[in-house]
Amino acid sequence: MTAFDTSRIEVGPGTLYAAPLGTTEPTSVSGAWPAGWVQLGYTDAGSTFSFQLTTSPVPVEEELFPAKIVTTGATASLAFALAELTRQNLLLVLNAGITSLVDDTTGTSATDSSVWAEMPEAGTEKRIMLGWDAIPKGGTTADTDTLSRLIARQCIQSGNLSIPRRKGPNKAVYNATFSLEKPSDSQPFRFWFPPQM
């Protein structure tokens, strides 16, 4: 791998996906996403993946610097603001699940067929899987030099859901921050890269 390669510089928001827990994951950096993954549509400003390792120093009396640093915890999250104000996207950020309209959180009016959505009962929140692909909306593997993917295997929306309403060109969005949990049989997230990366 060469020291300088402009094809490794990534730009653009990519594409966000969501799926129910247990959905088949992509097994490479290219190709179609498996059945069950749903695109979340437009965002306000893309997405941000965050990872934070927490540590603690182990001091000894004879040294100014710690004798070692031990890991005490870790957190990761994926934050974004969905610009498509659909019922399914609202259910997603209310932790009511994805791809299926969950019982007791949605329904239809007998008057005019309008639909409604509300949060699930406390303790019945649905965890989901999230995915991010560097390939932009409408793109294919052949359209982009740099490919990468992120799979977040078990997530719950733990942020402050806000829906700003403002004048002019300022659009309303569903702001959300999904925190990653540790699945029982895998690491919380996986990144995919092309062979040359």
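Me: Where in the chain does N95 lie?

Reply: This is a predicted model, in which local features need pLDDT of at least 70 and side-chain atom pairs count only at pLDDT 80 or more, while totals for chains, interfaces and linings use all residues. Residues are numbered from 1 along each chain as its sequence is written, and side-chain values use heavy atoms, with hydrogens and water left out. Helices (H or I, at least four residues) and strands (E, at least two) are DSSP runs numbered from the N terminus. In those terms, the place of N95 is the loop between α1 (87-93) and β5 (106-108).

Me: What is the phi of N95, and is this residue buried or exposed?

Reply: Most residues other than glycine have a negative phi. N95 is not a glycine, yet its phi is positive, at about 65 degrees. Buried means under 20% relative accessible area, exposed over 50%, and partly exposed in between, with a 1.4 Å probe and protein chains only. With a relative accessible area of 8%, N95 is buried.

Me: Is S113, which also has a phi near 65 degrees, buried or exposed?

Reply: S113 is a residue other than glycine with a positive phi, and its place is the loop between β5 and β6 (115-117). Its relative accessible area is 55%, so S113 is exposed.

Me: Which pattern do the helix and strands follow along the sequence?

Reply: The secondary structure comes to one helix and 10 strands. Read along the sequence, these elements give the pattern β-β-β-β-α-β-β-β-β-β-β.

Me: What share of the contacts with a separation of 6 or more joins residues 24 or more positions apart?

Reply: Contact means heavy atoms within 4.5 Å. Among the contacts in the chain with a separation of 6 or more, the share from residues 24 or more positions apart is 65%.

Me: How are the rings of F49 and F191 arranged as an aromatic pair?

Reply: Rings of Phe, Tyr and Trp (its six-membered ring) pair if their centres lie within 6.5 Å, and planes under 30 degrees apart count as stacked, over 60 as edge-to-face and the rest as tilted. By this rule the chain has eight aromatic pairs. For F49 and F191 the centres are 5.4 Å apart and the planes stand at 85 degrees, an arrangement called edge-to-face.

Me: How many residues apart in sequence are the parts that this pair ties together?

Reply: F49 belongs to strand β3 (residues 43-58), whereas F191 belongs to strand β10 (residues 189-192). The pair therefore ties together parts whose distance in sequence is 142 residues.

Me: What kind of pair do F189 and F191 form, and which residues make up the aromatic cluster?

Reply: The ring centres of F189 and F191 are 6.0 Å apart and their planes are at 80 degrees, so this pair is edge-to-face. F189 is partly exposed at 24% relative accessibility, and F191 is partly exposed at 35%. One aromatic cluster is formed by F49, F51, F189, F191 and F193.

Me: Which backbone oxygen does the side chain of T23 reach?

Reply: T23 is in the loop between β1 (15-20) and β2 (38-39), and it is buried, with a relative accessible area of 14%. A polar contact is a pair of N or O atoms within 3.5 Å; within protein, one must be able to donate a hydrogen and the other to accept it, and residues adjacent in sequence count only if both atoms are side-chain atoms. At 2.7 Å, the side chain of T23 reaches the backbone oxygen of P20.

Me: Is R149 buried or exposed, and at what distance does its side chain reach the backbone oxygen of S30?

Reply: R149 lies in strand β8 (residues 149-157) and is buried, with a relative accessible area of 1%. A polar atom of its side chain is 3.2 Å from the backbone oxygen of S28. The side chain of R149 also reaches the backbone oxygen of S30, at a distance of 3.4 Å.

Me: How far apart in space are L150 and T106?

Reply: L150 lies in strand β8 and is buried, with a relative accessible area of 3%. Leaving out residues up to four places away in sequence, L150 touches several residues, including F49, F189 and F191. L150 and T106 are 44 residues apart in sequence, and their C-alpha to C-alpha distance is 30 Å.
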